[in-house]
Every structure is written in structure tokens, then in C-alpha cells.
Amino acid sequence: MSEEIIWQTGMDEALNKAGEQGSPILLDFFNPG
Amino acid sequence: MDAVTYPNAKASKFLMENFVPLRIPYDEQPYMDSFKVRWTPRLFIMDPEGSTHHDAQGFLPPDEFVPFLKLGQAKIAFNANRLDAAVDILEDLLKESAASGSAPEAVYLNGVSQFKKTHDAVALKKVYLRLKFDYPHSSWTPRAYPYWHF
């Protein structure tokens, strides 16, 4: 059973969350098709 | 990535437990130009301040994705001079994923981290010997060549 990946969709929100958690960010540039 | 890697249980668990996952359309500005994104998949690992420490171009299957993430974690620690943390992550990467494409760079960075911690040049010679025998065709092996005589 895979764990659902909860993606951030904005750079500023991701940086804020990363700062709060002390976690790195995986940034995936994707092709929405 | 959506069809194979992200649905993989090990990959998604490791990602969610250790990273803030961020997805941006490849053509969204100003990021398309600032990250010079010209093809997908295109992945970057950044520290919480937004500095990039590791990246990849192209599809990564689950067995490559997790060591890619670990190498990114280790490079963030190494670049912050948190050498104990870098060594812990790299040792784990090499224990779990020695056959991955990230492993040769992990061997190199692990040995350099050990040397910076101890100033014992034997750590660097071990880098060269391990790369020479375990990863003779890696581009990282000649980079360690100057350490052979230590």
C-alpha cells in the first residue's frame, strides 16, 4: 500500500513548510499534458 | 514518475517522511527560466532556504529514486559541514542501494566526509580502492585517482 504523496503547489508555501519542519524540498517540474 | 515511481510504497513513504514534495508545471515562470527547465522529468533537491544541492534529469525508477533522495539529503548535510549526518545517510544509502546509480558518488562523498572528520588520508585511499573495484566504469572513479598513493 503506497503512502499518498501530498504535493505542495507553490514555492513560497513549500519553503515555509520546509522551514517549519527543517526538511529538504523535492521539486518536481512536471508536464501537466 | 506518476505511473511507476510515485505509486511505489517505499518511494512514497520515504518521500513523505523526509521531504516536502513540491510540484510545479514545467513551464511556470519565473521557475522555468531560473531553474533552466527544458525537459521533464526534471527534479531538484533544495534545502529549506531554497538552495539547490542535487538534481536529476529523466525518469527514475523506485530503486533509483530513493537513493537519489538520500544523496540529496547527504549533500545538504555535507555542504552545511554536518559531516556526521552526511556519513550516516551515505552509509545507509550504500548499505541499502549499493547497485544504484547514486552509489559511486556516495562512496566518494562518504570518504571525503570521513577524511574531513578525521584528517586521516587512509579514508581517501579507501575511496579510490572501493571505486576502482566496485565501480570501475563510474565517472567518479577517476575523480578519486589522485588518492591512490595515500
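This is a short talk on the salt bridges in the structure above.

The model is a predicted one. Over all chains, the salt-bridge count comes to nine. I will go through a few of them.

I start with Arg23(B) and Asp28(A), which form a salt bridge with 3.1 Å between the closest N and O atoms. Arg23(B) sits in strand 1 of chain B, residues 20–25, and Asp28(A) sits in strand 1 of chain A, residues 25–30, so this pair joins two chains. Are the two residues buried or exposed? Arg23(B) is buried, and Asp28(A) is buried as well.

Next, a pair in chain B. Arg42(B) makes a salt bridge with Asp55(B), and here the closest N and O atoms are 2.9 Å apart. Distant parts of the chain are linked by this pair: Arg42(B) belongs to strand 2, residues 42–46, Asp55(B) belongs to strand 3, residues 52–57, and the two are 13 residues apart. As for accessibility, Arg42(B) has a relative accessible area of 12%, so the residue is buried. Asp55(B), at 38%, is partly exposed.

Back to the bridge between chains for a moment.

The last pair is Asp33(B) with Arg38(B), a salt bridge with an N to O distance of 3.7 Å. The relative accessible area of Asp33(B) is 41%, which means partly exposed. Arg38(B) has 53% relative accessibility and therefore counts as exposed.

That is the end of the list for today.

Conventions. Residues are numbered from 1 along each chain as its sequence is written. Chains are lettered from A and ligands numbered from 1 in the order in which they are written. This is a predicted model: local features need pLDDT of at least 70, side-chain atom pairs count only at pLDDT 80 or more; totals for chains, interfaces and linings use all residues. Side-chain values use heavy atoms; hydrogens and water are left out. A salt bridge is a side-chain nitrogen of Lys or Arg within 4 Å of a carboxyl oxygen of Asp or Glu. Helices (H or I, at least four residues) and strands (E, at least two) are DSSP runs, numbered from the N terminus. Buried means under 20% relative accessible area, exposed over 50%, partly exposed in between (1.4 Å probe, protein chains only).
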